Amino acid sequence: MADFFNTYGPLIVSMVLGALLGLSLYLPLMTGQLSLASPGFYALGGYIAAILSTQVFPSSDSLFPIHLLLLEMLIAAFVSGLLGLLVGIPALRLRGIYLAIATIAFVEILRVISLNLEITGGAVGIFAIPQPFATPIEYLWVALPLLLITMVILYRLERIRVGRAFIAIREDELAAGAMGINPTYYKVLAFTLGAILAGIVGALSGHFLNTWNARQGTFDASIVYLTSVLIGGSRTFVGPVLGGMVFTALPEILRAIADTPNLPLWLAQFLRDGRLIFFGLLIILGTIFFPQGLVTPDLFKRRQHSLKHEIKPDP
């Protein structure tokens with residue numbers, strides 16, 4: 001068991017972080033907004049943690065103090081939420097593909113800024129970010145509770161007034177407005193919550209990866225997270241969790257297949273470098289055959305219905 005965690009520990013932690021990033025993209029989708037800004041807030045959170053831990057909170061200890069890590073996550077949440085609020089108010093007046101283009105532009109603006117600032121290390125980035133844990137698998141002590149807490153919050157959110165307002169706006173914004181729901185307020189709220197979650201995950205990922213640069217928040221990352229949500233399911237929070245874990249592990253699985261002996265060179269090269277093409281094909285096929293994703297609310301309802309009407313054998 002120890003050998004298993006030593007070998008696959010980093011991948012397991014990455015899968016949990018991928019699930020959290022999927023949920024950060026799912027929150028705006030609850031109001032029907034196709035926002036691809038999560039990688040930008042994710043990169044921002046990572047830069048905040050990297051700068052604070054290397055320049056503001058330098059520690060002489062062998063391990064970075066846990067309380068400072070939690071403080072960095074709170075600061076990243078606040079800054080990401082504030083920026084999400086400032087960006088969301090004007091951007092969320094757009095709809096559909098126009099909003100997606102605007103959020104992609106936002107991600108690119110942050111990437112270009114990070115490439116040209118001295119404090120972010122420019123194109124090289126920030127290295128030697130101090131580690132709060134001795135082994136990668138120990139990051140689960142923070143990442144896994146964060147995922148479970150987020151899932152519980154989203155479970156409750158879908159069943160209270162705010163979550164129902166989100167769903168009403170997603171189904172029909174005009175009808176929701178006619179019922180007294182303020183679409184702009186709830187869309188900005190969902191966008192800001194997603195930004196906060198992405199910033200927190202970025203702060204934790206900065207320490208986990210030990211280095212941070214502009215490649216962490218790119219359009220490529222937006223496609224990966226969008227694939228995880230659309231294929232996993234965009235109608236319930238379980239879908240992004242499942243999709244985020246699967247599509248975080250998928251590149252590693254493809255690389256393992258590419259290393260198979262006697263595999264044609266062109267196929268091995270495609271499996272190593274053509275993952276975005278593969279993800280694009282999955283988006284196309286998934287929207288055709290599974291328009292609501294693999295996991296839908298009806299799936300659980302059908303399961304509960306079948307259990308209630310299960311015929312019990314005679315004693």
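Start by selecting Ser24, Leu25, Pro28, Ser35, Ala37, Ser38, Phe41, Phe191, Gly194 and Ala195, which line the largest cavity. On a 1 Å grid over the protein atoms alone, a cavity is a set of points where a 1.4 Å probe fits but cannot get out, and lining residues have an atom within 4 Å of a point. This cavity holds about 50 Å³ of space; a volume here is the space filled by probe spheres set on the points, with grid points joined across faces, edges and corners. A search of the whole structure turns up one cavity of 30 Å³ or more. Helix 1, helix 2 (38-56) and helix 8 each supply at least two of its lining residues; helices are DSSP runs of H or I, at least four residues, and strands are runs of E, at least two, numbered from the N terminus. By class, the lining has six nonpolar, four polar and no charged residues. Ala, Val, Leu, Ile, Met, Phe, Trp, Tyr, Cys and Pro count as nonpolar, Asp, Glu, Lys and Arg as charged, and the others, Gly among them, as polar.

A word on what you're looking at: this is a predicted model, where local features need pLDDT of at least 70 and side-chain atom pairs count only at pLDDT 80 or more, while totals for chains, interfaces and linings use all residues. Residues are numbered from 1 along each chain as its sequence is written, and side-chain values use heavy atoms, with hydrogens and water left out.

Next, the largest pocket. How much space lies in it? About 790 Å³. Select Ser14, Tyr42, Gln216, Tyr225 and Thr248, the closest to its centre of the 25 lining residues. Helix 1 (2-29), helix 8 (183-209), helix 9 (219-232) and helix 10 (238-258) each give two or more residues to that lining. A pocket is an open set of points with protein on both sides within 12 Å along at least five of seven lines. Colour the lining by class and you get twelve nonpolar, eight polar and five charged residues.

Now pick Leu23. Together with Leu17 and Leu154, Leu23 touches the most other members of the largest nonpolar core, which has 85 residues. Helix 8 gives the most to this core, with twelve residues. Such a core is a set of buried Ala, Val, Leu, Ile, Met, Phe, Trp, Tyr and Cys residues joined through side-chain atoms within 4.5 Å. Among the contacts of Leu23 are Leu147, Met151, Phe237 and Pro240; contact means heavy atoms within 4.5 Å.

Thr150 also touches Leu23, along with Leu20 and Leu197, not counting residues up to four places away in sequence. You'll find Thr150 in helix 5 (residues 140-157). Is Thr150 buried or exposed? Buried, with a relative accessible area of 9%; buried means under 20%, exposed over 50%, and partly exposed in between (1.4 Å probe, protein chains only).

Ala128 lies between helix 4 and helix 5, and its phi is near 55°, a positive value in a residue other than glycine. Ala128 is exposed, at 60% relative accessible area. Asn210 sits in the loop between helix 8 and helix 9, with phi near 70°, also positive. Asn210 is partly exposed, at 33%.
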